[in-house]
Amino acid sequence: MSTQTTTTQGLVAEHIGHHYLHSRVSTEVLRDVSLDVAPGRTLAVIGESGAGKSTLARILCGLERPTSGQVLLDGATFRLHRGRVAPVQMVFQNPVGALDPRRTIGHSIALPLRNRPRRERTARVAELLTAVGLEPKHATRRPSRLSGGQLQRVVLARALAARPRVLVCDEPTSALDVSVQAQIINLLLDLQKAEDFACIVVTHDLLVAKVLADDVLLLRHGAVVESATAATFFTAPASEYGQDLMASSVWTHLTKGGS
Amino acid sequence: MTTESAVSTAVTTNGARSGWLRRLWGQKSLFLGCSLALILIVGSFIITWIRPDPSQQHLEYALSPPGTNGYPFGSDPLGRDVLAWCAAGIQTAGIVSAAVVLISATFGAAVGLVAGYFGGWLDAVLMRIVDLQLAIPPILLFLAASTIVEPSTFNLIVLLSIAGWVPYARVVRTKTQSERERPYIAAARLSGAGHLRILVTNLLPAVASTLLVLGSLSAGYVVLWESGLSFLGLGIRPPRASLGYMISQGRNLLTTSWWIVTLPGIAVVLVVLAFNLIGDGLRDRAGLDARTDL
Amino acid sequence: MTADPALAVSDLRVWVESDQGTITLVEKVDLDVAPGSVYGIVGESGAGKTVATRATVGLLRDQLKVGGRFSVGPIHIDADTGDDTRRLTGEGGVVLQDPATMFDPMLKLGRQLTEAIRHRGIADRKAARRRAVEMLAAVGFPEPEHILPLYPHQLSGGMVQRAAIAMALMTRPPVLVVDEPTSALDASLRKEILELLRSVAHNDGTAIVIVSHDLGVIGQFCDSVAVMYAGRIVEQGPTTLVLGHPAHPYTEALLMTSLTADVTLRTELPVIPGSQPAPGSWPAACVFAPRCPKAEERCRTEAPQTRPVTVPQRQVACHFPLEPAT
């Protein structure tokens, strides 16, 4: 169902299925989901709540093992190894919970750099803060002193510190203000151009997907409904569900035209 | 500052004094508790320095009322100085409760962290042990223990710790379970942190304030248990001074020599009060750190 | 406007006294909401929209002080001459940002809905129950009698939202304030709830005030809109005019930086440099001047007055509005 030739580079998910067992009741969350993202390209996984998007995001990072199917990174089976810095990093929806509130920003960003000498760590933290648009002096501050937008930049800085091959973003802007959302979107676009990582953006917001994605994967109740390039999907979705989603988006009529 | 923080500074401010003294005064419980504790500690040390051996008997001065024969608090049936005994007893109560709280908090926190973080069969096994422990009434445990081992300060501390670790484990387990789900823990895993590192560096600090509050609130109970058991003869015995023991000495003399029961009794109340005030104050402070709603 | 406004606010000011002195959260807010209309208040977090709307329904914490004149239906309050703003509590209906928090989890829904009018002595048990059924039907429940004996946790997110709206409408308030009605909902549910609110306005004549940071919600469902920035209204008027031809540079910048349907794939968005100042650090004179691409010397020294632009119903607080002043 993929619309581009599968490459061995980048992230590939094959026939991912997942269910939860709770009090002997099995709930299926994902069913036969396959996708691939090449380095430098962005895939948007869209769908409503309950579609299984967040579970998929966790599986792609290796935080959870799928009950069936496998994830491949650069051609090899991918697993999260305890004690090793992961090549697939994650950006979370709520930046406030994504950082240890009792530790400084610098400490959190330097987490993937633990094995480096101290002087190198400090320099790299300053470098990363600048790359995400923050002043290096923020390294000694606690998360409570920063705004939501600034915190999300810190989260990005920490992800970058690990020099990831893949970045998985779970609703990266839904907790942010409108003007801050634009800044973070721009930052994601810039960073991807500079670092060339594969990017997966999980979102319920069609317009976030539209501005960020090269390709689109539409999920519903854990199954893939449509897989297309962003250009195709946003001009004319092939599936009925896709068309319904586009129609019910409250934004469909408001444009910047006018002044 | 944001709208929320502007509102919350107005809400929690209590006047124009600056710095830590003002904050402490704002927490009246904490302030009173700490002051009381300070008075008891300093007072007891001064008294034990002046009158070092409370178990010394002076039979010729037995049952002296307070203020006679050089006994400000009177003397007991064996001529022991009640004031010196109270001071030493306060110290004993303090040492025992500090030790018990430390041991049971450490052990309970360790169990709670492991059970809450790993879940699964480990959690199930540990929680069954907790259930077993809860099924045994403490007094039975103490009675049974007293038939096996000789009552002593050390044994009492061990016994009270065994009886007291469970609440810490449960509270820490619950807090760990909720904290474990937060994204920064997942981020730590992705950054290459192992289980031990996450437990010690991230989760332990997260439960620290809860432990502190629980510990200070429990300390009062430990003092009561120690006094009660010593009263029954199952706890601390002379020459080690215990407030409960002195109370038991005077229980048949309540109408004639009231000071033997009443004054150590007041000492027990003061110690427990100090711990409770501190515990309440800490708990209120921990609650204030939560976000305020507009 | 021929009819009396359902909600009229004049010179609203909200402040708080703290160690650092007086911190103003909202000032110079004027609102005029006609019955049966849908009025939107849009702005980013920290702009003061929640504080301002809560003041109009008497729901602020005691530490927050309120000044200004209020008219909610038949009630008139002048806080400046000492009227107690707590009289406003309960006059306007309100649906909070997280509607689940409006319900007591231990009580059945029927009881909570009827209590809204019973404890005020407006109706007896039977009449209250009839009205509860009527309101639940009006918000779209197909079998309202079956909802009454349920507990809040038995309803889904969208249903709780509807039930909260029903409860707020029980007293037939002249105005209903809804705070971020859709941020917790999916796209399809969002549309349904907003259409429901619009039909309540048109059918019952209840004025609806929607507070939102989402320009799409405001643009599609509100007749008029007020744009708030740093504690005050920078522009207000009919939605089609304000969003179609913004007069205040902030409104224009907000539109440009927002994700609208015509956003281009994989292209950077315009951004507004800097960030909104927090209460306590508002610039003197024009609050938007430090970030405004059209700011001039006058903007930094003289605070702009609110004046009409193009049509009388439109107001702008700007020295150099983008649309010609009348």
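This is a predicted model: local features need pLDDT of at least 70, side-chain atom pairs count only at pLDDT 80 or more; totals for chains, interfaces and linings use all residues.
Figure 1. Leaving aside the neighbours within four places in sequence, C:Gly110 is in contact with C:Ala132, C:Leu148 and C:Pro149. The view also includes C:Val133, which is 23 residues away from C:Gly110 in sequence and 8.7 Å away in space, taken from C-alpha to C-alpha.

**Figure 2. The open sheet of chain C.** Eight strands of chain C make up an open sheet with mixed pairing, and their order is E6-E7-E8-E3-E9-E10-E12-E11. Strand E6 (93–95) and strand E11 (306–309) of chain C are at the edges with a single partner strand each, so one side of each has no neighbour in the sheet. From one strand to the next, the twist averages 20°. As a reminder for reading this view, strands of a sheet pair through backbone hydrogen bonds, and the pairing is either parallel or antiparallel.

**Figure 3. The pairing of E6(C) with E7(C), and the helix H6(C).** Three bridges connect E6(C) with strand E7 of chain C (residues 175–179), and the two strands pair in the parallel sense. One residue pair to look for is C:Gly93 with C:Leu176, where C:Leu176 is the bridge partner in E7(C). Helix H6(C) lies across E7 as well as strand E3 (38–42) and strand E8 (207–212) of chain C, and H6(C) runs at about 155° to E8(C).

**Figure 4. The side of chain C that touches chain A.** Here 36 residues of chain C are in contact with 31 residues of chain A. The elements of chain C that give two or more residues to this side are helix H6 (187–204), helix H7 (215–221), helix H8 (239–244) and helix H9 (249–257). Sorted by class, the side of chain C that touches chain A holds 16 nonpolar, twelve polar and eight charged residues.

**Figure 5. Strand E9 of chain A and its two partners.** Five of the six residues of strand E9 of chain A (residues 215–220) are buried, so this strand is largely enclosed by the rest of the structure. Strand E3 of chain A (residues 42–46) runs parallel to E9(A) and is joined to it by four bridges, and within this pairing A:Ala44 has A:Val216 in E9(A) as its bridge partner. E9(A) is also joined by six bridges to strand E10 of chain A (residues 223–229), and these two strands run antiparallel. In E10(A), A:Val224 stands opposite A:Leu219. E9(A) and E10(A) form a hairpin with two residues between them, and in the turn A:His221 has a positive phi of about 50°.

**Figure 6. Chain C as the setting for the close-ups.** The secondary structure of chain C consists of ten helices and twelve strands. Its radius of gyration is 20 Å, close to the 20 Å that the globule rule gives for 326 residues, so chain C is as compact as a globular protein of that length. Taken along the principal axes, the C-alpha atoms of chain C fill a box of roughly 65 × 55 × 45 Å. Of the 326 residues of chain C, 50% count as buried. Among the contacts in chain C with a separation of 6 or more, 61% are between residues 24 or more positions apart.

Methods:
Residues are numbered from 1 along each chain as its sequence is written. Chains are lettered from A and ligands numbered from 1 in the order in which they are written. The radius of gyration is taken over C-alpha atoms; the globule rule is 2.2 Å times the number of residues to the power 0.38. A residue is buried if 20 or more other C-beta atoms lie within 10 Å of its own, exposed if 12 or fewer, and partly exposed in between; C-beta atoms are placed from the backbone. Two residues are in contact if their C-beta atoms, placed from the backbone, lie within 7 Å. Ala, Val, Leu, Ile, Met, Phe, Trp, Tyr, Cys and Pro count as nonpolar, Asp, Glu, Lys and Arg as charged, and the others, Gly among them, as polar. Two strands pair if DSSP finds at least two bridges between them. Axes are lines fitted to C-alpha atoms, for helices over the stretch in contact, and angles run from 0 to 180 degrees between N-to-C directions.
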